[in-house]
Amino acid sequence: MPSESVLSATEVSKTVDGPDGRLTILDGVSLDVARGASLAIVGASGSGKTTLLGLLAGLDRPSTGSVTLAGQLLDTLDEEARARLRRRLVGFVFQSFHLLPALNAEENVMLPLELEGSSDAASRARDALARVGLDARRHHYPHQLSGGEQQRVALARAFVHGPEVLFADEPTGNLDQRTGAVVSDLLFALNREHGTTLVLVTHDVALAGRCERSLRLVDGRIDRLAAEGRGQALPAERAAGEGRA
Amino acid sequence: MKPLTFAARSLRREFFHGELATLFAALVLAVAALAAVATLASRVERAIVASAAELIGGDLGVSSSRALPPEFTAEAETLGLRHTELADFPSVVFVGDKSRLCDVRAAGRGFPLRGVLAVRDASGPEKNVHEPEAGSVYVDHEVLVALGVGVGASVQVGGREFRLAGEIVRSPDSGNVFRLAPRLVMNYADAESVGLMGPGSRVRHRLLVAGETASVDAFAAWAKPKLPAGAEITTVEDAQQNLRTAFERGESFLRLAALLAALLSGIAVALAAQRFAKRKTEEVALLKCLGASRGEIIAALTLEIALLALPACVIGLALGLGMQEVVIAFARDLLPGATPPLPLGPPLAAFAIGLAVLFGFALPPLLRLRDVEPMRVFRQDLDARPRRFDALYLLPFAVGGALIAIEAGNARLAVTLGAGFLIIALATWLLGFVLLRILRSGGKRLPGALRFGLANLARRRALSLLQAGALALSLTALAVLGVIAPSLLDRWRLELAPDTPNYFMINLQPEQRDSMQQRLAALGATNVGMLPLAVGKLVAINGVAPKADDFEDKRAANWINGEMRLSWSDTLPPANKLKLGRWFDGSETEPSLSVDTMWVDMFHLKLGDTLTLRVGERDITARVASIRGVNWDSFRVNFFLMLDPKTGETLPHSLVTSFHAPAGVSAQLGTLSRDFPNISLVDVNAILDRVRDIVDRVGRAAGWVLAFSVAAGVLVLLAALAATADERRFEIALLRTLGAHARQLSLAVLGEFVALGLLAGLIAAIGAAGIGIALAQGVFKLENYWPPAWPLLSLIAAAAALVAFAGWAGTLRIARTPPMAILRKA
Ligand SMILES: Nc1ncnc2c1ncn2[C@@H]1O[C@H](COP(=O)(O)OP(=O)(O)O)[C@@H](O)[C@H]1O
Ligand SMILES: [Mg+2]
């Protein structure tokens with residue numbers, strides 16, 4: 001097991017000022033993910049999973065605490081520098097796909113390459129699409145694709161530039177079981193091929209079970225009980241994951 | 001990222017999504033309207049100027065009391081202008097023992113450079129001529145009558161014999177009401193050699209030039225700083241007050257129309273951009289998430305808009321120029337004579353303005369996108385960022401203001417429009433704010449569906465206010481174009497009613513009054529007005545002799561050194577308005593005066609001051625008893641100074657008569673002037689026709705603009721309503737899911753839109769009326785203008801109906817789609 005840490009959070013908290021006063025969404029979350037490892041973040045809806053993911057990916061700043069991504073302390077970087085870091089190191093998969101409706105499948109996949117300034121964006125995008133089995137659909141626009149196909153395009157987009165870390169927020173949340181299974185199989189396969197570090201948010205126990213570790217959020221805190229034996233998923237979840245695999 | 005590639009790809013797909021098409025259409029319209037109107041106006045104006053140049057015999061004149069230095073002609077020569085010299089002076093013509101004082105014009109080679117000098121010789125038919133040959137002269141009919149001779153006879157001027165070569169039928173300066181004597185035209189060289197222009201003679205010299213507009217302008221610019229003392233430049237426009245006013249009004253009308261069309265387009269652009277930016281928010285969040293920098297995002301957005309704008313401006317320009325060619329082709333009489341060449345300035349300006357409108361109105365919402373939080377990819381409600389003042393939102397106001405300032409070409413028009421629109425925007429915002437407050441608290445007792453509709457307005461407060469503002473402004477612009485402008489134009493036409501005096505008669509003696517009145521009645525003349533006329537000299541103001549140098553207004557010299565005309569009347573003459581003091585009522589105990597406001601300003605006068613006037617041998621010291629404002633373009637005889645009748649009647653005087661004679665009575669008028677040899681008859685039909693002509697052309701050109709503007713207005717309406725339709729999709733789907741009837745939905749929507757339309761319509765009607773009154777007084781100088789009530793009232797109803805219909809139709813489409821389709825998409 002690789003031991004070098006690629007992503008770590010120390011005592012990360014997030015509070016927002018709402019109409020009924022200050023609301024604490026995350027409270028003293030610490031974690032550490034080694035290069036090439038996979039981590040599942042589970043928890044009930046509203047427990048703060050997405051917020052944590054956003055902080056880990058540098059999309060937002062924590063109220064207190066710090067996040068280190070690929071050796072860079074994120075709080076020291078401004079919005080633009082964090083964007084540059086993301087463009088190089090990070091891939092995303094979202095629950096609602098988030099393909100740009102104005103671009104066709106191939107152009108959507110080209111997007112991260114073009115942001116990098118890559119010169120062979122089109123051919124690499126085509127290869128990536130072929131890898132997810134959508135070579136024939138590359139000129140189709142998102143509205144011409146089914147949900148599962150859209151998510152596969154999103155997977156191609158997430159991996160095409162070989163990111164260090166992949167963040168996935170409920171990647172199967174909008175899909176039916178069967179399609180969801182196809183997408184998650186593809187996700188893990190790609191992850192293995194690219195040796196990418198994976199941070200996956202889900203409330204699907206089976207999906208979480210396919211990760212090497214999982215941690216549970218309860219009301220913005222890591223559930224100490226569940227996280228016991230750090231690096232070990234809960235037995236029940238592990239079982240469910242194996243049942244599926 | 002390559003922003004250009006990205007922008008092009010986005011544009012390819014998004015063009016058909018609505019907002020961009022609206023934006024495109026708005027730009028095309030703005031540029032087309034501006035290009036068409038500005039180009040048309042400029043060409044029509046040039047044509048009018050050219051035809052009016054006939055009135056002074058050239059495009060520009062430099063008049064002076066001494067002959068101009070030769071460098072002036074040299075400069076005209078260098079600029080490739082045609083030029084000639086004139087000299088006007090009084091002199092007496094003799095035949096045997098008969099004589100007549102004439103207003104002599106010594107005409108140089110080529111006179112007139114513009115317009116016609118037409119004479120009739122003994123054989124009858126009239127022909128167009130230039131300056132008479134050496135040794136011959138042309139004279140007015142009146143001179144022939146007075147001297148009892150015919151064409152071909154020999155007359156004496158300045159002690160030398162001249163042959164009477166023709167009777168003047170038409171000459172460039174016909175229409176000068178106060179030419180005190182009939183005209184005699186002779187050759188310039190003759191006048192010089194006879195010594196008529198020697199020292200001591202009262203000669204007014206004039207250099208006339210004509211040629212390309214640019215060269216004429218260059219000449220004017222060159223000449224202005226070099227003018228000797230007492231010299232002045234006369235352009236066509238200031239040759240005739242009537243014409244100048246007509247020019248100014250006409251130009252203001254056209255500019256007003258084009259400006260409103262551009263502003264309407266600007267509002268459409270702003271609304272479309274607002275909606276476009278809203279739809280782009282998620283995309284921007286995603287791009288940021290994937291690591292795009294703010295710079296790349298702004299570049300991509302700006303480029304996308306620019307890619308859209310350039311073809312839109314080009315198409316608009318082509319369309320606009322095409323339109324004005326079509327207009328010119330179909331309405332050939334819009335441009336009398338040769339069609340002036342296509343001017344380059346107005347189309348280029350239209351292009352630039354199109355871009356300014358686009359970026360001024362579209363950039364603020366787009367640039368705000370740079371602040372979208374990347375976290376928005378997870379939480380769609382994140383755009384509710386704490387509000388802070390963004391100076392960007394001043395940009396549309398700045399661009400709108402600059403547009404008004406540049407295009408209005410007239411400070412008063414600019415201020416009226418700018419202030420008017422600002423007040424309307426503020427009023428809408430305030431009123432809307434208060435109404436929504438009331439709705440929120442008091443709307444609970446309304447029936448369900450209606451309550452829901454109104455609650456919607458209140459809930460989307462910012463958007464509702466924005467929409468109401470855009471609607472109110474665009475409806476105001478439409479009302480000004482569709483209701484106010486035509487009614488102003490009608491008022492203007494009314495000033496030139498069919499029986500406007502087209503002849504003036506001077507020198508009529510008081511004892512001839514009754515017989516002349518009978519003769520005129522027999523002729524069918526109408527609107528006959530007679531006023532006494534005495535000629536005097538200003539010798540003192542408050543007992544002190546005035547010196548021309550004491551007054552900054554250099555026109556003062558004309559009256560200090562020259563003669564002035566006096567009249568009197570029991571009643572305040574038409575086209576005069578009392579500003580201060582009282583009109584004469586016969587109770588005056590000392591000589592009293594009524595003075596025009598221009599004179600009051602020029603000579604710094606006030607009520608109670610005294611003026612000493614010398615009439616013949618007599619000095620009269622009169623006290624200023626009232627101050628009048630005179631409408632000088634009224635085609636009536638008007639006077640700067642009017643005496644009280646008791647004093648006036650004691651002065652030697654003649655009568656000035658103005659009347660309207662029907663067409664086809666020129667033969668009878670000829671007999672009339674033979675029977676009353678002492679009178680001079682001045683035909684102002686030519687000027688009157690030109691002014692009517694201008695009103696008419698402007699009216700028609702404005703009609704074309706109206707079409708553009710209505711299109712722009714409808715576009716604004718659609719853009720405004722499309723924005724609410726977006727907002728409404730989700731809640732309608734939700735209501736449908738909860739089981740609402742289509743009828744209940746329509747009622748909710750109708751309630752919302754009728755309220756919006758009524759509010760906007762009401763404000764627009766009041767705003768347009770206010771702007772109309774301000775325009776009438778400040779810009780068009782039309783007195784007692786009152787905006788037509790019914791069209792404005794129906795505007796309110798029409799606005800409510802139109803807005804309701806458009807909103808309802810837009811929503812109906814949404815209501816028909818299965819709710820699931822929308823809910824899933826959201
Ligand atoms: N910017 C914010 N403003 C207010 N509340 C927020 C904000 N971000 C998250 N929350 C709240 O924090 C809680 C956690 O949200 P989230 O991280 O999306 O949970 P999860 O992804 O586990 O469902 C929720 O109750 C959510 O409403
Ligand atoms: Mg979540």
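Select A:D185 first: at 41% relative accessibility, this residue counts as partly exposed (buried means under 20% relative accessible area, exposed over 50%, and partly exposed in between, with a 1.4 Å probe and protein chains only). The model is predicted, with local features needing pLDDT of at least 70 and side-chain atom pairs counting only at pLDDT 80 or more, while totals for chains, interfaces and linings use all residues. Residues are numbered from 1 along each chain as its sequence is written, chains are lettered from A in the order in which they are written, and side-chain values use heavy atoms, with hydrogens and water left out.

A:R210 and A:D185 form a salt bridge, with their closest N and O atoms 2.8 Å apart (a salt bridge is a side-chain nitrogen of Lys or Arg within 4 Å of a carboxyl oxygen of Asp or Glu). A:D185 lies in helix α6 (residues 177-194) of chain A and A:R210 in the loop between α7 (205-209) and β9 (213-218), so the pair ties together parts that are 25 residues apart in sequence. Helices (H or I, at least four residues) and strands (E, at least two) are DSSP runs, numbered from the N terminus. A:R210 is also partly exposed, at 23% relative accessibility.

Turn to chain B, where 23 helices and 21 strands are found and 53% of the 826 residues count as buried. Within chain B, select B:D59 and B:R114, whose side chains meet in a salt bridge (2.8 Å, N to O). B:D59 is in the loop between α2 (19-52) and β1 (60-64) and B:R114 in the loop between β3 (98-107) and β4 (117-120), so this pair ties together parts that are 55 residues apart in sequence. B:D59 counts as buried at 14% relative accessibility, whereas B:R114 counts as partly exposed at 25%.

Now display the interface. Here 25 residues of chain B are in contact with 29 residues of chain A, contact meaning heavy atoms within 4.5 Å. The two chains bury about 2600 Å² between them, 62% of it on carbon and sulfur atoms; buried area is the accessible area (1.4 Å probe) that two parts lose on being put together, summed over both. On the side of chain B, B:R9, B:L290 and B:F378 lose the most area to chain A, together 25% of what that side buries.

Between chain B and chain A there are 4 salt bridges. One of them joins B:E296 to A:R87, with the closest N and O atoms 2.9 Å apart. Another is between the side chains of B:R9 and A:E107 (3.5 Å, N to O). This pair crosses from helix α1 of chain B to helix α3 (residues 105-116) of chain A, and both residues are buried.

Finally, select A:R86, in helix α2 (residues 79-89) of chain A. A:R86 is buried yet has no salt bridge, and the nearest side chain of opposite charge, A:E79, is 4.2 Å away (Lys and Arg count as positive and Asp and Glu as negative; His and the chain ends are not counted). Leaving aside neighbours within four places in sequence, the residues in contact with A:R86 include A:F92, B:K288 and B:P374.
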